[in-house]
Each structure stands twice: as C-alpha cells, then as structure tokens.
Amino acid sequence: MTFLEFTEGPMWRFAAFVFLLGVFWHLAHWLMRRHPKDLSKPLGSGFAGAVGTLFRHFLPSPHFLSRNWLVTFAGYAFHLGLFALVLFFGPHIEFIQTHITGFGWEPMPYWGFIVACQLAFAGLLILWLKRVLDPVLRLISDSGDQVGTLLTFIVMLTGCMALMQSYDFLRALHMLTVNLWLIYFPFSRLMHAFTWVLSRAETGAVYGRRGSSL
Amino acid sequence: MSARNTIDRLMERTNPAIASYLDACVHCGLCAAACHFYETSGDPRHTPAYKLKPLEKAYKRHKAPFSNLRKAFGLAPPEVSDGELREWQELIYDTCTMCGRCTLACPMGIDIAGTIGVMRTAMFEGGFTPSDLVEQAQRAKDVGSPLGVTPELLAERLEWIADEFETEVPLDKTGAEVMLTASSIEVMKYTESIGSMAKIFNHAGVNWTFSSKGYEATNFGVLSGNGDVNRTMVTRLVDAAEELQVKLVVIPECGHALGALRWTGPNVIGRELPFEVLHISEYLAKLKRDGRLKLKSYGKPMTYHDPCQVSRRGGATKAARELLNGFAQDFRESKHAGTANWCCGGGGGVISISDPKTVDGRLKAFKIKMDQVDDTEADVVVSACSNCRLALDDGAKHYAWGREITNLAEVVAEQLEE
C-alpha cells in the first residue's frame, strides 16, 4: 500500500469515522440535556426569534462595523474562500464523488480557484495576526485557538502544494493533514462550524419570546 | 469563600443554552467594542467574552463533551481557584451591567449578559459577591426593600405623595384591577415618579392600587445572584397580586424589575403567573392607544434613553416611542437608540457598589452615554428606569452636565389635560 493509498484509504475512513462520531456525540450531548420549560407568558414567538437570530447574525451589526471591520471582513474572506475551495475546486469534487456521494457537480473556473485561495489565505492570516498582536485577542485566546488555526493553515498550504496532481507524495501529504484536521475537529473549537446554529437559536428563542430581536 | 461551591453551582446551572454558548465562542473579541466598560477603560480584561472564562474553564473540565477524555490525557484546564474568582468579582459585578449589548456584536449570538446572570448566582454561592449587593439583597428580604422601605414606611410615604401631588394613591384597595409596584429609589428619592404614575392612572380612570404585602419591584436577588432573595421578592409580588385578585401588575420605572417578574419570575417560582405584567412604558402606551390619555403636546427638544432591561432585554423598545409619537413635538432619536442603545453604566447593581474604583469606572463609562445624548443636542433626556436616572443624575453632577434629566411618567403627567 502506497502512502497515498493509505491516506486516501484506511486513514481517510478512520478520520471520517472519528469526525462523524465526534460531531454526533458533541451535538447529542447538547440535545440530551433537558431544556427547562419557560413558564413566562410569551410576547412573541420563540421559534421566529430563533430563525431571525440565525440569519441576522450572518450580517455584521452596523453599530460596530467601524470598530470591527478588519476582523469582520477577514472572517468573511476566510470562510467564503474556504467553502468555495472545499466544495467547488475540481479535485475536491472528484474526491467527494469517489469517496462520499457517488456524484459530482460543476467545478469553479481556475480564476475562481485563485480568488478563493487568495481570500481564504488572506483572511486566515489576518485573523491569526490579529489574534497574536491585538491585546484583547491575545488575552482571550487559548492554545486551542492557535492549534485550530495552524492545522487549518497547514491543510490549505499542503492543498496548494498538491495542486500538481501528478505528485502523489504532495497529494498524500495534503490528505494526511486533512485527516488529522478531521480527527481534531470534534474535540476542538472548530466545532463552531456546527454549534453556531445552537448558540444563535438559543438566544433568538429566549429573546423572541420577549418580543426583542437580539 | 469557596471556589468549590461556585464551581458546583456553575455546573448545576449550565443548561443547554449556556453549553451551546461555551461551545460556540471562537474568541473573536468582537464583543469588546460593544462594551462601555472596555471602550472607556481600554482594559482587555473588560472584554465580555473574557468575563466568562472561569465558567468556560469549569465547563471544559467537568461538563463539556469529551471532558473525561481531556482529563485522562491531561488536557483539561486546571480547576478554577479562589484567587481567580476573587479577581473575577470585579469583572462579573463591578464592570458588567448585564446590558446585553455585546450579544448584538457576537457572530455566534451568545447571550453574555444572561450567562453573567447565571455566573452571579454561582459567585454568590461561593461568597464572591460584593458586600454592598449582599447587604442590600439581605435588607430587601428582611424588611421588604433594599433601601429600608417597610410596609409602614411605604404607607407613610404614599400618604405624603398623595398630599404633595394632590392625587389619590390607593393602598390595599380591594376590587382593584391593576396593582402598581414601586422601586424603593422612587419611594425614597424620586417621589415625583410615583406621584406622576398616580396622576396618570387617576386621569385615565384606572381602577388601581398599591399593596402593602408586595410593593418592591427591584430585585437585588437577581443583581447579587442570591437565589433565595430573588424567589422571596418574586413571591411577595405574586402573592400580593393574587390576594388582591388583580388582572395586571405594572412594573414601575425600573429596568431589571421587568425581567425579574415578567420573564424570569415564573421560572423562579415554578409556575405561570395568573395575571399580566407590563412595564409602565408599555402600560402608558396602551392607555394612549385606548384613548384614555388626553395630553397637551410637549415642546422641548427631547431624546429617550432606552433602559437596557426594558428595551434590548425586555422587549419593550417600541412602547416609549408609541407614547412619545405625536406628543413630543421635537423628539430626537439618538444614534444607536433602541435595541443597540448604550447603557447608562449603572445597571446590573453597579450603581449600588460604593468601591471608589467601581464608581470611577462607572463614571468613565457614563461619558459614552453623555456623548450619545449630546450628539442629539436635545435639552431633555427622558428615561423609563429610576436606576438609569440615578446613574444619569450622578454622572451629570460629576461632569456638571447641563441636560435636564427626567422620567417618562413625569413628562406625561406634566402634560395631562385637566
């Protein structure tokens, strides 16, 4: 078995298993907790509040944008760039088709890949620089934030290095880092990719009942 | 002091909402810009997300998914210590008004103010609550009010107010439909607020009363984190309202009192309230909507300060505007008004903490409020919370600020058509 076959075969299956099981366990941990019944008489709808807050917080609040613009736009750049790369880059679609879904979709053009790459890298670097230079972020960050950022950066970097598909070693190296990232994911703050839904919905439901929209 | 008690309480109170918050926070720091204490002190420790750190640590160690696995591999955070909690007292009480503005800035929508409220209950259990708040909460439980307003004193003050404002102020009136409650700040300092509410209610023909068994709307149990006092204060109001068989309880011009009775009160006593609860701004808006208020227009340039617990966290942002609309001829809405309004700096019990460092921090935070109001160039600042008014008055005195500060009920009462 070659290094590439290992990383795209048994190791990938193990990483995907850990990822799925970990995410499921993490979310089940939340679902299994008892939500105490709110006995106050509602002024508005908790459900509508939850949905409203879910979507409202996708957009930056205009009240803070002048102060938070750098992190806000870097956050958009990184996340949008990364999503485009993961879901619309040709070799990724090919991998997803072969190993997960059995079907594929139209990849983005090469220029789209370049733009997405630049956005994701620039965004992540700005967010990381801000984390290490800004006194507030330095104080509130922990080792988990740094490890998550570093792992994500390495995955993106090895991905760029593996662009030339003929170099099996580089492709295997990228898969190796992807697998490590997947294994680390459920135990880390990377879980925010799922928990943002819970967090926003919880707040939205509470304040929606009160007739307020936070 | 015992960190163990605090940790146990924290874990007991970590419900699904709080768990989701602690799992979702990405330490982005965007909440800092929303906090008046951080904005005026520049101290990174005042960042709202940082104030949750002891809870986050305890959660990761004891209750988060995979916490046992983390402990087994030596990756769990260390136990929260007495020293940390002593340090955090300032962050959880002295420099947080639980205004909830930080939630608006949070991409994850984390209810930091609500979580601080839960942390306060745990801090109280461990003995990490500022003595000023502990004493006021205890006094409220022992004598009926944090400022020492006993039922006898209340009766005396209401009689005096009735004479002074030449209006009826009923007490323990059977058959009343509406029970008005009071903040002890109003009973002792801002009596014109009670006189004004009485005048308006009588003008509108409301069948109302005060109760000598449940009158204190402020709840230092909530502010200090003393759950026992919280329950006692809510129970007194509920029992009094049930005894009088009123249909409606009106919360006076007090912010946190609205949440304490209407939004969290039923959960504290474990049953639904058999009556409606409205903040005075909501009730005045309703009286106006029903055509029961005949008002002369108000001409002075005026702006409205949204009390955080009434507007952002209370759901009554529109009520004051509905009341002022068409009545205040020169109403000037300030930047960030409404849900994103800046706090006065004195909420959450902060104004009751006498430590000079706390007072200094509060007064610095108040500068933001002054700037916000000054930008409107309004002569009059109106609020609907006596606690906010106290903070505004204190700040105005400190900075020799020339704005006229008043409350909603007073403005309305002054303009009633005879």
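Of the 214 residues in chain A of this predicted model, 43% are buried (under 20% relative accessible area; exposed is over 50% and partly exposed in between, with a 1.4 Å probe and protein chains only). Chain A contains 10 helices and zero strands, where helices are DSSP runs of H or I with at least four residues and strands are runs of E with at least two, numbered from the N terminus. The C-alpha atoms of chain A occupy a box of roughly 65 × 40 × 35 Å along the principal axes. Among contacts in chain A with a separation of 6 or more, 70% join residues 24 or more positions apart, a contact being heavy atoms within 4.5 Å.

Chain A carries 15 positive and 10 negative charges, whose mean positions lie 18 Å apart. Lys and Arg count as positive and Asp and Glu as negative, without His and the chain ends, and each charge is placed at NZ of Lys, CZ of Arg, CG of Asp or CD of Glu.

The contact between the chains involves 50 residues from chain A and 64 residues from chain B. Together the two chains bury about 4700 Å², of which 60% is on carbon and sulfur atoms; buried area is the accessible area (1.4 Å probe) lost by two parts on being put together, summed over both. Three salt bridges are counted between chain A and chain B (a side-chain nitrogen of Lys or Arg within 4 Å of a carboxyl oxygen of Asp or Glu). A salt bridge joins the side chains of B:Lys60 and A:Asp142, at 3.6 Å from N to O.

B:Ser311 is in the loop between strand 5 (302-305) and helix 19 (317-324) of chain B. B:Ser311 is buried, at 1% relative accessible area, and among the residues it touches are A:Ser212, B:Asp306 and B:Gly338.

Most residues other than glycine have a negative phi. B:His336, in the loop between helix 19 and helix 20 (356-374) of chain B, has a positive phi of about 75 degrees and is buried at 17%. B:Asp172 has a phi near 55 degrees and is partly exposed at 35% relative accessibility.

Residues are numbered from 1 along each chain as its sequence is written, and chains are lettered from A in the order in which they are written. Local features need pLDDT of at least 70, side-chain atom pairs count only at pLDDT 80 or more, and totals for chains, interfaces and linings use all residues, while side-chain values use heavy atoms, with hydrogens and water left out.

Note on methods
Lists of a residue's contacts leave out its neighbours within four places in sequence.
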